[in-house]
Amino acid sequence: MKQKDEQWEKEIRKGPFALSPFTEDHKQNVLQQLELMKKSEEGSLGDGLEQSYGSSRPVRPQVGNTSHKRRLRRRSLVAGTGALVIAAGLFLWIWEDGQLVKPVIEQVYPTAALQLPEGLNTNLLTDKMKRNVATTMRDDLGKQLKITKVEDLTVSGRIYVEAGNESEKEYAQIWLDATTGNLREVGMRREMQPSELEHRYLRQVPSLLQSIGSTPTLKPASVQRFVSMKQGELEPISHTTLALENETGDGYGEIVWQQDQAVSISGDLSLDQVSNSVLADAKDAVKVVFGETSPKLKGVSRTKDDEIGRDVINLSFNDHYLVQMIVGEETKVYSVIGENLYRSDFTNWDEVEAYHQEIYDVKESILREQVGAMIKEVFNVNLQGYTLHREVDNPGIAIFELESPKDVIWVRYNEDVKITMITRGEL
Amino acid sequence: MDYQFLAQAQTIDNYTLSSMMDDYGNDVWNYAYFLTKSAEQADELSQEVFIRAYSGVAHYRGECSLKTWLLTITRNTTFTYRKSRFFRSSLWGETLPMETKRGGSSQRVMIAEQPAHPSAEMEVMRKEHVHEIWDIVLALPKKFREILLLNLKYELTTSEIAEMLKISSGTVKSRLSRGKGKVRKQWEERSE
């Protein structure tokens, strides 16, 4: 019993998370905010209460007939509030990428953060519309972009708001209901530095990579975010894609979040994570299909995609061959893939069409002769019972299908009937 | 870094504050997380704590350790923050999941399971236990959770906890004992 107690107590002493939750970003935010506080204090030295009060008059609420004491208290309160608003404005103005103060101010007064230049049709925007635009950019895009266009779309009964520039990395289009001010459609995108990615995402990275067996030390390299709300949908949905790499640049990973939930995790795995039997089967398949006598495993990667419910493992050999295994809830696909060696020295479209026809016309008997033995050896399947299908739009693909039990084998080949891919399973 | 001089200090320079954040940032963040069970709130609160520590260092008399002082600020800051209904209802959402569901059994066909040898197996088990124990601890009622963590994670004595929480040592001992009992019981049930 004592031993068990000691074990769980040890775990508690280690803390709940693998990596430090208080990051360098947190630290820098604190130091930056303190700098701003110092500047603010220096700037306000010598200013009396009356001056502060005077400067905040425009936002002062009406005061009725109240006692002197009460007035003073209100004046102090107004002065304090005014100073807060001024300080907040100062922070927003000076500290564009602030992490602490700006979000708090934005949370309390979302429209205060709206970048709405003069000269636009701002009179079209009601307070509710402004609030919706500001909160949508804040909560879903993670940044307030400068609004560049406001239009009244009278036919559809909408107000159109555009922010940023379409040709640049940050861009937003928002359609609002002209009557209610509610969001009708949203399309936003943003590319950002890894350092700009919110901590709630970053802190998940090591454990997510570990969850697929990948190395948790991969570093964030780039981030893209797309936000979409189509007509009839209730709220915008964001997709954030984080690309990761190791310090030498030869390791790769990628995580996709829908809202705050990771839906796809990809990453390189170490070679020893592949079981001996799987590796042996994959090597045999490469030998059989491509005649490579000693394929050497060069890389292993995995993608776990919860959105489409698939888990994909890639084994690459000799930098030329790939064995891919896909497992879904009801699917299982095994592919042996080589380089796609189609001819490419065409000078006009007629030559391309003639080439496609040549491939399409390859006799079935030749195809069966070419792949039958391979398929027998790789999958232990006799191709005789399978029916061949070919599609005009995919001239280099032969599909062998068995009705019962349902089974499909795809074969890709070139004009010499050289096999460049064999896949078994529903794609 | 030796922080004893702070007991007489009226201000902190950036270097000292940085060192404090290096030394105690995780403690503060984790404590805020234990109290709120929200990573986002812990992000905000932990930064606020150091700003308050900077502003209020003149009030630090060295009567308790710097860590305990910072934890006290964390506790006060958290409660002030959460007291506001507005902040509670609209600023932050729920705690974010820290990991996705583990893959289905079918993937085992593809990838060798970690326990290829005993040490790897132990490693996997150890990781699972870490998660499990935190599920149990964070599900405890706050009055047990907080004391248990102050004692085990932050290694505060009974009297330090009593002083910090402004309750009697007897209450601390009682809650600590009951908290441990609850965790032990659930831990054993899971381990069976």
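Contact here means heavy atoms within 4.5 Å. The notes below use that cut-off throughout.

1. **Basis.** This is a predicted model, in which local features need pLDDT of at least 70 and side-chain atom pairs count only at pLDDT 80 or more, while totals for chains, interfaces and linings use all residues. Residues are numbered from 1 along each chain as its sequence is written, chains are lettered from A and ligands numbered from 1 in the order in which they are written, and side-chain values use heavy atoms, with hydrogens and water left out.

2. **H7 and H8 of chain B.** Helices (H or I, at least four residues) and strands (E, at least two) are DSSP runs, numbered from the N terminus. Helix H7(B) covers residues 158–165 and helix H8(B) residues 169–191. Their axes are 8 Å apart, at an angle of about 110°. Axes are lines fitted to C-alpha atoms, for helices over the stretch in contact, and angles run from 0 to 180 degrees between N-to-C directions. H7(B) and H8(B) are therefore roughly perpendicular. Angles under 35 degrees count as roughly parallel, over 145 as roughly antiparallel, 65 to 115 as roughly perpendicular and the rest as oblique.

3. **Residues in that contact.** From H7(B) come B:Thr158, B:Ser159, B:Ile161 and B:Ala162; they meet B:Ser169, B:Val172 and B:Lys173 in H8(B). By class, that gives three nonpolar, three polar and one charged residues. Ala, Val, Leu, Ile, Met, Phe, Trp, Tyr, Cys and Pro count as nonpolar, Asp, Glu, Lys and Arg as charged, and the others, Gly among them, as polar. The crossing is right-handed. A crossing is left-handed if the near helix is turned anticlockwise from the far one by less than a right angle, and right-handed if clockwise.

4. **The loop between them.** B:Lys166 sits in the loop between H7 and H8 of chain B. Its phi is positive, about 60°, although B:Lys166 is not a glycine. B:Lys166 is exposed, with a relative accessible area of 66%. Buried means under 20% relative accessible area, exposed over 50%, and partly exposed in between (1.4 Å probe, protein chains only).

5. **H1 and H2 of chain B.** The axes of H1(B) and helix H2(B), residues 39–56, come within 8 Å and cross at roughly 135°. That makes H1(B) oblique to H2(B). The crossing is right-handed. Residues of H1(B) in the contact include B:Leu17, B:Tyr24 and B:Trp29; those of H2(B) include B:Leu45, B:Val49 and B:Phe50. By class, the contact has 15 nonpolar, four polar and one charged residues.

6. **Cores.** A nonpolar core is a set of buried Ala, Val, Leu, Ile, Met, Phe, Trp, Tyr and Cys residues joined through side-chain atoms within 4.5 Å. The largest has 60 residues, and B:Phe50 and B:Leu70 touch the most other members. Helix H1 of chain B (residues 14–36) gives the most to this core, with 11 residues. Another core lies apart from it, with 40 residues, among them A:Val286, A:Val362, A:Val411 and A:Ile422.

7. **B:Phe50.** Leaving out residues up to four places away in sequence, B:Phe50 touches residues of chain A, including A:Phe22 and A:Val30. Its neighbours in chain B include B:Met20, B:Met21, B:Val28 and B:Leu70.

8. **Chain totals.** Chain B has eight helices and zero strands. Of its 192 residues, 47% are buried. Chain A has 11 helices and 16 strands, and buried residues make up 44% of its 427. Among contacts between residues at least 6 apart in sequence, those joining residues at least 24 apart are 47% in chain A and 65% in chain B.

9. **Backbone points in chain A.** Most residues other than glycine have a negative phi, and most peptide bonds are trans. A:Gln259 has a positive phi of about 55° although it is not a glycine. This residue is in the loop between strands E7 (252–258) and E8 (261–269), and is partly exposed at 25% relative accessible area. The peptide bond from A:Ser404 to A:Pro405 is cis, with omega near -5°. A:Pro405 lies in the loop between strands E14 (394–402) and E15 (407–413).

10. **A:Gly328.** This glycine is in strand E11 of chain A, residues 321–328. A:Gly328 counts as buried, at 12% relative accessibility. A:Gly328 touches A:Gly309 and A:Arg310, not counting residues up to four places away in sequence. Its C-alpha atom is 8.7 Å from that of A:Val312, 16 residues apart along the chain.
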